[in-house]
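The tour goes from strands to a helix and then to the cores.

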Amino acid sequence: MKFGIIKERKNPPDRRVVFTPEELAKLQQEHPEASIKVESSDIRIFTDEQYAKSGIEIAVDMSDCDVLFGVKEVPIDALIPNKKYFFFSHTIKKQPYNRPLLQAIIDKNIELYDHETIVDANFKRLIGFGRYAGIVGAYNGFRAFGIKFELFNIPKAETLSGKDALVEKLKKQILPPIKIVLTGHGKVGNGAKEILDAIKIKEVSIENYLTKTYSEPVYTQIDVLDYNKRIDGQPSDKTDFYANPTDYASDFERFSKMSDIFMAGHFYANGAPVILTREMLQSNDNKIKVIADISCDVDGPIAATIKASTIAEPLFGYLPSEHKEVDVFHPAAIVVMSVDNLPCELPKDASEGFGEMFMEHVIPAFFNGDKDGILQRAKMTENGKLTERFKYLQGYVVEK
């Protein structure tokens, strides 16, 4: 079995990598029957020299590898036929811009394993950068608040060395007694919570958050049934919400009336109610000044997220009365941060965490006969066709 770590070729450049030098050295030690090559790259966070020092071969020709690992989409002209590939293909939701990529993968008889499709027996995702999206998104939310109100101007996360440096910068800032509402209890939401806890923002109950006044910054972390309610007023539970999302309406206004910063780390499913509506944002009772939309669903559950912002230009102003983008310093503007590739700002931390997950959940499957079905469930294409789990993409694939 020959593993290859491929160079990232998508623009803008992504400095992340699936495995760090230390993790590849560990893989080689634990599985001496495997061989490993790393494609030479001048952009990734770990240099060729660092891999070479760990005893890993550096190469420019990866055609003799059996399995190739990348992060972002591989350009069609760089795909090597008849190989196994692991990368984020961004095709499982039928994204139109990547239809030609999936068509080419099938034409070239490639076995595709999308990082998003790597799940356990209960179809819970095992691999992802969500934690780091949450960490960077929370930092960016505070940075936006400081810039908007000219309280402080901390550097962009991408210029700092990692999570510890982000925390150190935030700890030095003095915050007024603001209220922060955080949605989501998954990897993204809990990643944001790590930052809030690390800088000693006080966590309070929902009831106290909505009813009490504080002399220090506080936050509350809320779940789907805290900001959605059944339209008919009947009791509900999560099972009912996920099964019947159209029977629900947003109950988020009670938070928009009390919050200065909204950090959005929730998962948003098709058919679920809009969480923060235009009407809420236009209301005289709305208090939200900054929205850190970490989930970044454009034209989705947060009305102010009218576009994805970029690492280069992470902030924009949103004018509720006209539902349009304005300058961040417009007096009536809400500042929105909706960067859709946040983990790229912490390439070292994100790569280390990603590699750890891969070493734990995926690599063993290559050497134990895939006894837990990890590879089988994740495989999207095989023998020039979609696998059974992904047959729903057939119409998408044949479209021109």
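Two strands pair if DSSP finds at least two bridges between them. Helices (H or I, at least four residues) and strands (E, at least two) are DSSP runs, numbered from the N terminus. The model is predicted, with local features needing pLDDT of at least 70 and side-chain atom pairs pLDDT 80 or more, while totals for chains, interfaces and linings use all residues. Residues are numbered from 1 along each chain as its sequence is written, and side-chain values use heavy atoms, leaving out hydrogens and water.

**Strands.** Select β12, residues 261-264. Strand β7 (residues 179-183) runs parallel to β12 and is joined to it by 4 bridges; find I180 opposite I261.

Are the residues of β12 buried or exposed? I261 and M263 on one side, and F262 and A264 on the other, are all buried (under 20% relative accessible area, 1.4 Å probe, protein chains only; exposed is over 50%, partly exposed in between). In a regular strand the side chains alternate between the two faces of the sheet.

**Helix.** Select α5, residues 163-171: K163, A165, L166, V167 and L170 are buried. Their cover includes α4 (130-148), α6 (187-198) and α12 (347-361).

**Cores.** A nonpolar core is a set of buried Ala, Val, Leu, Ile, Met, Phe, Trp, Tyr and Cys residues joined through side-chain atoms within 4.5 Å. The largest has 78 residues, and F69, F86, F142 and F358 have the most contacts inside it. Helix α4 gives the most to this core, 10 residues. Apart from it lies another core of 29 residues, including V224 and F252.

Key. Contact = heavy atoms within 4.5 Å.
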